[in-house]
Amino acid sequence: MESNDKEGVCFAQPTTDEERNTIARQCKATLKMTIPLVVDGMDDRVGHLYSGMPDRLYVIGRDGKVVFKGGRGPFGFQPPEMEQALILHLLDKQ
């Protein structure tokens, strides 16, 4: 995508888990991401289980349960709804 070129995060498709992890680390550093990043395996098992294509935002509680499942991105992203779900979840756990 043109935006990936602009942000400096355009890479060839990885062929190994090691390459995928390296690209993820480079993207995290380049985009100055401060949240934890989790990388799926080459079989994309988690992505398939969560219907993550092309991408989707989730909030997973400390108990491992899904607290929020957003629409398919990028057009289904609703950051304010995700933020509200996260805040409510955190307030409920205090």
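Predicted model: local features only at pLDDT ≥ 70, side-chain atom pairs only at ≥ 80, totals over all residues.
Trainee: Which residues make the nonpolar surface patch of about 380 Å²?
Mentor: Nonpolar side chains such as Val, Leu, Ile and Met can join a patch when they lie within 5 Å. Here the patch covers about 380 Å². Its members are Leu31, Met33, Ile35, Leu37 and Val39.

Trainee: Does Val39 count as buried, exposed or partly exposed, and why?
Mentor: Val39 sits in the loop between α2 (17-30) and α3 (45-49). Buried means under 20% relative accessible area, and exposed means over 50%. Val39 has 31% relative accessibility, so Val39 counts as partly exposed.

Trainee: What percentage of the 94 residues count as buried?
Mentor: The cut-off for buried is under 20% relative accessible area. Of the 94 residues in the chain, the part that counts as buried is 16%.

Trainee: What pattern does the chain follow along the sequence?
Mentor: The chain holds four helices and two strands. Read along the sequence, they give the pattern α-α-α-β-β-α.

Trainee: How far apart lie the centres of the positive and negative side chains?
Mentor: The chain carries 12 positive side chains and 14 negative ones.

Definitions and conventions
Residues numbered from 1 in each chain as written. Heavy atoms only, no water. Buried < 20%, exposed > 50% of the residue type's maximum accessible area, 1.4 Å probe, protein only. Lys, Arg positive; Asp, Glu negative; His and termini not counted. Charge placed at Lys NZ, Arg CZ, Asp CG, Glu CD. Patch = residues over 30% accessible without salt bridge, like charges linked within 9 Å, V, L, I, M, F, W, Y side chains within 5 Å. Areas by Shrake-Rupley, 256 points an atom, 1.4 Å probe, with all protein chains shown as cover. Salt bridge = Lys/Arg side-chain N within 4 Å of Asp/Glu carboxyl O.
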